[in-house]
Amino acid sequence: MSDLIARRRALLGPNVSTFYDDPVHVVRGEGVWLWDAGGRRYLDCYNNVPHVGHGNPRVVEAICRQAAVLNTHTRYLHEGILDYIERLTATFDDPLRTAILTCTGSEANDIALRMAEAMTGKRGIVATDATYHGNTALVSHLSKSNVPEVGFGLGQYLRHVEAPDSYRIADPDGRRFAAGVQAAIDDLEASGIGFAALIICPLFLNEGFPAQAEGWLRPAAEAVRRAGGLLICDEVQAGFGRCGSHFWGHQKQGVVPDVVTMGKPMGNGHPVAGLVTSAEIMARFRQSFRYFNTFGGNPVSCAAAMAVLEELQANDLQANAARIGHLAQERLQALAARYEVIGDVRQSGMVFGAEFVLDRVSKEPASEYADRVVNAMRARGILLSKLGRHKNTLKIRPPMPFGTEHLDLLMDTLDAVLAETPVRA
Ligand SMILES: Cc1ncc(COP(=O)(O)O)c(C=O)c1O
């Protein structure tokens with residue numbers, strides 16, 4: 001293990017993060033389980049990339065079958081990409097009927113922002129102050145974690161709005177958030193840069209997945225449309241049935257975005273990502289930018305992505321997400337009744353978690369406690385993580401075939417860890 005860590009440092013450079021104080025060396029995965037090099041089994045409660053389960057046989061078979069026949073790029077004619085896009089866009093509302101396939105969510109977001117520039121002739125982008133949308137030169141500016149001196153000066157085109165926080169900031173109908181968006185739009189317009197797009201994860205999953213009533217995003221969407229900009233929903237984490245009640249997070253929020261980007265779960269680990277938009281926006285983008293992606297939309301990626309959609313449907317995994325999410329919320333609320341440190345419980349289908357606070361009145365975040373809980377869970381064989389605005393929210397986001405027996409093991413273990421972990425170290 002220490003040898004691997006030293007080799008990583010030597011070969012990958014410093015500041016390359018790993019999960020957990022004691023990183024896990026995984027060698028095999030199956031369904032919701034992972035095994036380490038010593039043969040120990042872990043319950044994977046965090047990995048949203050193997051959406052339909054690690055090593056899913058349908059996806060593996062589809063990849064192998066297509067790889068054995070043909071893999072090339074989109075300058076040749078091939079049915080695979082067309083069949084897939086037809087099936088994918090059937091899950092969206094009108095007019096979202098065209099798509100570009102990429103290899104990463106970052107690329108998809110980069111294209112979405114360039115679509116906004118092509119449509120509006122402007123460059124100003126609004127995002128939340130606790131987000132992450134990827135790693136291209138343009139997109140990396142959306143998160144605040146970079147050193148401001150670098151980044152080709154693209155930071156000038158960005159304005160941050162306060163991320164929603166249902167536990168601390170009262171905003172039941174989304175009007176406060178919309179007012180923040182409006183202020184950012186006004187600032188961009190006054191600066192001469194102009195407003196091109198609002199980009200958000202519709203469920204604010206990196207921000208700590210605040211509780212929101214259905215339709216919460218409508219006022220912000222109206223502000224965007226009034227200003228002539230594009231609403232870009234980044235569904236890299238939220239999409240493909242994870243929220244249980246809807247196939248896409250934006251559908252839960254009651255809005256039809258101009259562009260929806262997606263990635264992570266799309267190919268169950270095979271690197272396929274993309275975006276869906278209207279024919280009008282697609283045409284304007286294609287006229288403005290000559291776009292080609294060597295690997296994006298190749299036949300093997302499309303076969304993998306198609307198998308994911310088939311698997312979701314065949315096993316009714318969206319309904320499973322709704323069912324498990326509901327049960328998880330009940331179990332977490334029962335824990336909150338016994339452990340003062342749980343200030344709030346949140347759930348959006350197969351994404352659920354608890355916010356830890358040092359004091360329920362002041363709501364002071366217990367970020368360091370959350371770290372200790374995450375590491376104690378790992379020591380007991382349960383993999384999960386934490387994030388949110390204050391880095392104090394447990395984020396539990398397992399593969400979609402997660403069942404009640406897995407939930408019981410997770411919650412019983414969490415109960416034991418909360419009982420043995422002192423709130424102040
Ligand atoms: C919401 C969101 N958008 C975009 C990305 C970037 O995706 P990728 O790593 O595939 O470029 C991520 C990755 O963590 C993400 O969480």
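1. In this predicted model, helices α5 and α6 are roughly parallel to each other, because their axes pack at an angle of about 25 degrees and angles under 35 degrees count as roughly parallel. Helix α5 covers residues 175-191 and helix α6 covers residues 218-226, and the two axes are 8 Å apart. Where α5 passes α6, the crossing is right-handed.

2. For helix α2 (residues 57-69) and helix α9 (residues 299-314), the angle is about 155 degrees and the axes are 8 Å apart. Helices α2 and α9 are therefore roughly antiparallel to each other, given that angles over 145 degrees fall in that group. The crossing that α2 makes as it passes α9 is right-handed.

3. Another pair to look at is helix α11 (residues 367-379) with helix α12 (residues 404-420), whose axes come within 10 Å and cross at roughly 125 degrees. That angle makes α11 oblique to α12, and the crossing of these two helices is right-handed.

4. Which residues surround the ligand? The shell consists of T104, G105, S106, N109, Y132, H133, G134, N206, D234, V236, Q237 and K264. Sorted by class, this shell around the ligand holds 8 polar residues, 2 nonpolar residues and 2 charged residues. Helix α4, which runs over residues 105-120, gives the most to the shell, with 3 residues.

5. In G105 it is a backbone N or O atom that lies 2.9 Å from an oxygen atom of the ligand. In Q237, by contrast, an N or O atom of the side chain is 2.7 Å from a ligand oxygen atom, and in K264 a polar side-chain atom lies 2.9 Å from an oxygen atom of the ligand. Taken alone, the ligand exposes 390 Å², and the protein buries 84% of that area.

6. Two details of the backbone deserve a careful look, since most residues other than glycine have a negative phi and most peptide bonds are trans. The peptide bond from D94 to P95 is cis, with omega near 5 degrees, and P95 lies in the loop between α3 (79-89) and β4 (98-102).

Definitions and conventions. Residues numbered from 1 in each chain as written. Predicted model: local features only at pLDDT ≥ 70, side-chain atom pairs only at ≥ 80, totals over all residues. Heavy atoms only, no water. Near = heavy atom within 4 Å. Polar contact = N/O pair within 3.5 Å; in protein donor to acceptor, adjacent residues only side chain to side chain. Areas by Shrake-Rupley, 256 points an atom, 1.4 Å probe, with all protein chains shown as cover. Helix = DSSP H or I, 4+ residues; strand = E, 2+ residues; numbered from the N terminus. Nonpolar A, V, L, I, M, F, W, Y, C, P; charged D, E, K, R; others polar. Axes fitted to C-alpha atoms, helices over the stretch in contact; angles between N-to-C directions. Parallel < 35°, antiparallel > 145°, perpendicular 65-115°, else oblique. Left-handed = near helix turned anticlockwise from the far one by under 90°.
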